[in-house]
Amino acid sequence: MAVSGGVGLKRKLVDVPDDFSDSDDEIAPVKDPKIDKSRSCPYLDTINRTLLDFDFEKLCSVSLSHLNVYACLVCGKYFQGRGRKSHAYTHSVQINHHVFLNLHTLKFYCLPDNYEIVDSSLEDITYVLKPTFKKEHIESLDRNTKLSRAYDKTTYLPGIVGLNNIKANDYCNVLLHALAHIVPLRDYFLEEQNYINIKLPPGDIMCLLSQRFGELMRKMWNPRNFKAHVSPHEMLQSVVLCSKKRFQITKQGDPVEFLSWFLNALHASLGGTKKAKSSILYTTFQGRMNVSTRKVIPMETPEKDKEELLKTEEYKETVSETPFLYLTLDIPQAPLFKDEFEQNIIPQIPLSSLLAKFDGTTEKEYKTYKDSTIKRFHLTRLPPYLILCMKRFNKNLFFTEKNRTIVNFPVKNMDFTEYLLDDAEVRQRNPYTSYDLIANIVHEGEPGSGKGIYKVHVLHKSTGKWHEIQDLHVADILPQMITLSEAYIQIWERKDTKNEEPVEENKPEQRAPET
């Protein structure tokens, strides 16, 4: 059942009048025993597939009700009911449009005669409304190199389709595209039975998030779409609703903030707990690290007291193992000087220098109004898919400053061995440490909400080609060009992902602090 992110929530659900119900006896059409109209409807040639769009909320265009909604297959509009006083019936009489589809039961009807239409030529319409994937089809997705042809003759690769920017939701679009190419996550959500029956506490609306995300995945990977793009309208409405309007489609947000919320919210919507591998999200993205913490002695403390303080429990270094879903990398501040042409120099830094934060020896100071602590990080478990977020924006009360430093990175064979704890058990638990890049989200333009644009580079596995997607614009891109971009979020795939059985862990889980 679709729920509106705005007006629909506050609307009271009322009993549906008989004229708007789906009862077959609401109209008693005269039947000619010699003619079976259900299998020979004369109006099928009036269907206009170019106007059909099932990506938006299933509400009657007149009453705004989501109950018993039918799509007119001639003009594409939605109407409620099919009784004599219903909006669909009135539309069929006044506008002379006769073929309708029940958006819930997926049955076709001819109005005003009110008989069900049974015709195999309509199966493509029901498939676009509700795509379904069999196991053998899912398994072949990463081997398929065949282009699909939309109804308007344009061609597209399933999975490489544009997403509508309704107003300012490009920051959501790029992340949804990146997640759509995480193989275990995609395969899980393409099979609706994996999560359709998950039980959550009464009144918990979070289940809406997983249902809408699954619908979007199936539409993005649908090889039989009528058009070469998809609107994430219903998905984004569920985001607005479940985030309590923290993330909007009318105001540009930060993909990193959205990533943090979305991964945890989607995990919760699948009934996930704090235990490892309690959902597909934790199985796919969760790694572990050791965090060494020690409190810094205030500068004004006399030298003679410092040695005594270091012996106390308060100032001793503590080590704890904690999980993470993504790693935050700190980009050094760009230099202020200019070159001989009076142009600002755009510095470059290798990704390995940023990852040194997790080598177990590099220290980082965290200050608060009360005190400051020194922390060191060391990875103890590498996840199948590793998400890296590069801290490009510094915000204060007055403005947002962007760090334009170019991060140099390889597209293939990035080795994370040196960031793993040098321990026999840890090494045994992480036999594979080499990763390939599969998604790269970039920010272009000025800092600040709405002043820049977000793009995503995704790898299509079956063709081995990279594609740049910005809302509805899809284009090929060379791997060499990806490394020159202002990378913001990256997703890396461990090279053994398809072959390794997941390692079971029984250690207690807790939500990881942002690093």
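Colleague: Which residue of strand 4 stands opposite Leu 101?

Modeller: In this model, which is predicted, Phe 108 of strand 4 stands opposite Leu 101. Residues are numbered from 1 along each chain as its sequence is written, and side-chain values use heavy atoms, with hydrogens and water left out. As this is a predicted model, local features need pLDDT of at least 70 and side-chain atom pairs count only at pLDDT 80 or more, whereas totals for chains, interfaces and linings use all residues.

Colleague: What makes strand 3 and strand 4 a pair?

Modeller: Strands (E, at least two residues) and helices (H or I, at least four) are DSSP runs, numbered from the N terminus. Two strands pair if DSSP finds at least two bridges between them.

Colleague: What is the order of the strands in the open sheet of five strands, and which strands are at its edges?

Modeller: The order is 2-1-3-4-5, with antiparallel pairing. Strand 2 (78–80) and strand 5 (115–117) are called edge strands because each pairs on one side only. Neighbouring strands of this sheet are turned by 40° against each other on average, direction ignored; axes are lines fitted to C-alpha atoms, for helices over the stretch in contact, and angles run from 0 to 180 degrees between N-to-C directions. Helix 2 (residues 87–95) lies across strand 1 (69–72), strand 2 and strand 3, and runs at about 120° to strand 2.

Colleague: How many bridges join strand 10 to strand 11, and how many join strand 10 to strand 15?

Modeller: Seven bridges join strand 10 (residues 287–295) to strand 11, and eight join strand 10 to strand 15 (residues 372–381). Both counts reach the cut-off for pairing, so strand 10 pairs with strand 11 and with strand 15. Among the bridge partners, Met 289 has Thr 322 in strand 11, and Arg 288 has Pro 323 there. These strands belong to an open sheet of four in the order 11-10-15-14, whose edge strands are strand 11 (318–324) and strand 14 (364–367).

Colleague: Why does Asn 290 count as buried?

Modeller: Buried means under 20% relative accessible area, exposed means over 50%, and partly exposed lies in between (1.4 Å probe, protein chains only). Asn 290 has 17% relative accessibility, which is under 20%, so Asn 290 counts as buried. Asn 290 is found in strand 10 and stands opposite His 378 in strand 15. Not counting residues up to four places away in sequence, Asn 290 touches residues including Val 319, Phe 377 and Leu 421, where contact means heavy atoms within 4.5 Å.

Colleague: What makes helix 5 mostly covered?

Modeller: Ten of the ten residues of helix 5 (residues 170–179) are buried, among them Tyr 171, Leu 175 and His 177. In the protein chain, buried residues make up 50% of the 515 residues.

Colleague: How do you know where the predictor's confidence is under 50?

Modeller: The value to read is pLDDT, the predictor's confidence in each residue, from 0 to 100. It stays under 50 over residues 1–16, and pLDDT also stays under 50 over residues 24–30. The mean pLDDT of the protein chain is 87, and 87% of its residues reach 70 or more.
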